[in-house]
Amino acid sequence: NVAMPRTIATNTSVDLDGLLEFVRPRHHLVLVTRRADGSPQLSPVTGGVDDSGRIVIATYPERAKTANARRRPEVSVLVLSDDFDGPWVQVDGSAEVLDMPDPEAEDGLVEYFRCISGEHPDWEDYRAAMRRQGKSLVRITPERWGPIATGGFPADRVPS
């Protein structure tokens with residue numbers, strides 16, 4: 001008989017600044033886009049928050065998530081903590097897809113790297129790699145979000 005911690009589920013409403021503060025250090029996301037038939041497509045991705053407060057994800061133009069976001073920009077992102085049982089938040093927003101060699105895509109990919117990993121030792125080498133790989137950037141403007149949530153027992157059902 002293993003004793004389980006008796007944690008109480010929480011929901012903390014936050015404004016946009018609070019949301020971005022929560023999301024910034026968390027880079028494990030599940031992106032939800034819609035297929036042409038309207039069914040959901042879920043993709044585990046690495047993401048960050050750019051200087052304009054948009055959630056940014058690097059990808060390739062051929063990926064389903066990219067085609068879906070291009071066709072139907074209403075997307076959702078589930079932002080997870082590094083610990084699977086840590087707090088999370090769902091963010092709904094409007095996506096735009098930028099493709100290399102567009103200079104805005106290139107600058108956006110630099111910002112994507114910077115907000116996740118910090119400074120690159122050779123930015124020109126990184127930019128050249130992004131051009132070679134033909135990368136795309138999905139930028140999501142948060143429009144609606146749920147509370148920051150944690151799992152656990154409902155407050156009125158904590159076992160004794």
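**Strand pairing**

Me: Which residue of β5 stands opposite Val 32?
Reply: The model is a predicted one, and this should be kept in mind throughout. Strand β2, residues 28-34, pairs with β5 in the antiparallel sense over five bridges. Within β5, the residue opposite Val 32 is Ser 76.

Me: How many bridges join β5 to strand β6?
Reply: Strand β5 covers residues 74-80, and five of its seven residues are buried. Strand β6, residues 89-99, runs antiparallel to β5, and in β6 the bridge partner of Leu 78 is Gln 90. The number of bridges that join β5 to β6 is six.

Me: How many residues apart are Asp 99 and Arg 70?
Reply: The side chains of Asp 99 and Arg 70 meet in a salt bridge, with an N to O distance of 2.8 Å. This pair links distant parts of the chain, with Asp 99 in strand β6 and Arg 70 in helix α2, residues 64-71, and the separation is 29 residues.

Me: Is Asp 99 buried, exposed or partly exposed?
Reply: A residue counts as buried under 20% relative accessible area and as exposed over 50%, with partly exposed in between. The relative accessible area of Asp 99 is 24%, so Asp 99 is partly exposed.

Me: Is Asp 92, the salt-bridge partner of Arg 144, buried or exposed?
Reply: The closest N and O atoms of Arg 144 and Asp 92 are 2.9 Å apart. The pair links strand β7, residues 136-145, which holds Arg 144, to strand β6, which holds Asp 92, across 52 residues. Arg 144 is exposed, with a relative accessible area of 57%, whereas the relative accessibility of Asp 92 is 13%, so Asp 92 counts as buried.

Me: Which helix holds Arg 127, the residue that forms a salt bridge with Asp 107?
Reply: In the salt bridge between Asp 107 and Arg 127, the closest N and O atoms are 3.0 Å apart. Asp 107 lies in helix α3, residues 103-117, and the pair ties together parts that are 20 residues apart in sequence, because Arg 127 lies in residues 123-133, which form helix α4.

Me: How many salt bridges does the structure hold?
Reply: Salt bridges that share partners join Asp 50, Arg 54, Glu 96, Glu 104 and Arg 139 into one network. In the structure, the number of salt bridges is 12.

**Packing**

Me: Within what arc do the buried residues of α2 fall?
Reply: The buried residues of α2 are Lys 65, Thr 66, Asn 68 and Ala 69. They line one face of the helix, because, seen down the axis of α2, they fall within an arc of 165 degrees.

Me: Which strands do the buried residues of α2 pack against?
Reply: The buried residues in question include Lys 65 and Ala 69. The strands they pack against are β2, β3 (40-49), β4 (55-59), β5, β6 and β7.

Me: How many residues are in the largest nonpolar core?
Reply: Val 79 is among the residues with the most contacts inside this core, as are Val 23, Leu 29 and Val 89. Leaving aside neighbours within four places in sequence, Val 79 is in contact with residues including Val 23, Leu 29 and Val 89. The size of the largest nonpolar core is 21 residues.

Me: How many residues does the second, separate core have?
Reply: This second core includes Leu 98, Met 100, Val 110 and Tyr 112, and the number of its residues is 13.

Notes: Residues are numbered from 1 along each chain as its sequence is written. This is a predicted model: local features need pLDDT of at least 70, side-chain atom pairs count only at pLDDT 80 or more; totals for chains, interfaces and linings use all residues. Side-chain values use heavy atoms; hydrogens and water are left out. Buried means under 20% relative accessible area, exposed over 50%, partly exposed in between (1.4 Å probe, protein chains only). Helices (H or I, at least four residues) and strands (E, at least two) are DSSP runs, numbered from the N terminus. Two strands pair if DSSP finds at least two bridges between them. A salt bridge is a side-chain nitrogen of Lys or Arg within 4 Å of a carboxyl oxygen of Asp or Glu. The arc is that of the directions from the helix axis to the C-beta atoms. Contact means heavy atoms within 4.5 Å. A nonpolar core is a set of buried Ala, Val, Leu, Ile, Met, Phe, Trp, Tyr and Cys residues joined through side-chain atoms within 4.5 Å.
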